[in-house]
Amino acid sequence: PVINRTFYTAVAASERFVRLRIAGGRADRIGIIQFGSEAYVVTPFTTDYQNAVLSLKLIGEPRAWNRFNVFGTTIIQGLDQGLELFKTFNLLDGSDNMLVIFTDGNDGETNFRGRTLGDMMAEARRNAIPIYMVRLGYGQRLGDVTWDALWKPMVERSGGRFYAASDESSVLRAVADIDRLGAG
């Protein structure tokens, strides 16, 4: 069987984040996008936290995961899908919007459907949608992944933060920090 520890860590970190939001009594709208070589909206914006948790559990189920042809990483397509969700659901004027990405960060694509990564970051900043990226990689500190030099300044242009999560404690710190920054 295909084992992708980074993928399962991303799913677990996502679930941890949603559970922190539940415990904090937030009233968020949560959307879930699974991306790899393609990006799929798994759960459009919902206030049903339990549905979001269920979606994450289904994504993290090995047999389900292996049915998707998402074995690469195309972060920019996931970003595009996320930003489009805000437009589709007319949430651009929402308070404390944010986009949280859990990824291995192994992607340097900077163009998608005629849009540049810089354009997307400017759009996110204009619409007050900070992007938080948790780049997962066991033992890989900031700069150990080739594309950290691209992603860190880009997500910071959106008003968000970049986290190089190299172990469990750094993943948990990143998730807690994002939870604290996004008042909901």
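Buried means under 20% relative accessible area, exposed over 50%, and partly exposed in between, with a 1.4 Å probe and protein chains only. This is a predicted model, in which local features need pLDDT of at least 70 and side-chain atom pairs count only at pLDDT 80 or more, while totals for chains, interfaces and linings use all residues. Residues are numbered from 1 along each chain as its sequence is written, and side-chain values use heavy atoms, with hydrogens and water left out.

View 1. Helix α5 covers residues 117-126; helices (H or I, at least four residues) and strands (E, at least two) are DSSP runs, numbered from the N terminus. Its buried residues are Leu117, Gly118, Met120, Met121, Glu123 and Ala124. They pack against α4 (75-88), β4 (111-112), β5 (115-116), β6 (131-136) and α6 (148-157), where contact means heavy atoms within 4.5 Å. Just after α5 comes Ala128, with a positive phi of about 55 degrees.

**View 2. The largest nonpolar core.** A nonpolar core is a set of buried Ala, Val, Leu, Ile, Met, Phe, Trp, Tyr and Cys residues joined through side-chain atoms within 4.5 Å. The largest one has 25 residues, and Leu79, Leu117, Ile131, Met133 and Trp151 have the most contacts inside it. Two or more residues each come from β2 (39-46), α4, β3 (99-103), α5, β6 and α6. The element that gives the most is α4, with 6 residues. Leaving out residues up to four places away in sequence, Leu79 touches Leu99, Ile101, Leu117, Met120, Met121, Ile131 and Trp151. Another core, of 15 residues, lies apart from this one and includes Phe17, Met98, Ala174 and Val175.

**View 3. The buried side of helix α6.** In α6, the residues Asp148, Leu150, Trp151, Met154 and Val155 are buried. They lie on the same side of α6 because they cover an arc of only 155 degrees around the axis, the arc being that of the directions from the helix axis to the C-beta atoms. These buried residues pack against α4, α5, β6 and β7 (162-165). Gly159 follows α6 and has a positive phi, near 100 degrees.

**View 4. Helices α1 and α7.** The axes of α1 (residues 5-23) and α7 (residues 168-181) come within 10 Å and cross at roughly 40 degrees. Axes are lines fitted to C-alpha atoms, for helices over the stretch in contact, and angles run from 0 to 180 degrees between N-to-C directions. On the α1 side the contact is made by Ala13, Arg16, Phe17, Leu20 and Arg21, and on the α7 side by Val171, Leu172, Val175, Ala176, Ile178 and Asp179. These residues divide into 8 nonpolar, no polar and 3 charged; Ala, Val, Leu, Ile, Met, Phe, Trp, Tyr, Cys and Pro count as nonpolar, Asp, Glu, Lys and Arg as charged, and the others, Gly among them, as polar.

**View 5. The loop between α4 and β3.** Asn97 lies in this loop and is buried, with a relative accessible area of 12%. Apart from neighbours within four places in sequence, Asn97 is in contact with Phe86, Leu91, Leu92, Ala128, Ile129 and Pro130. Asn90 is also found in the loop between α4 and β3. At 64% relative accessibility, Asn90 is exposed, and its phi is positive, near 55 degrees.
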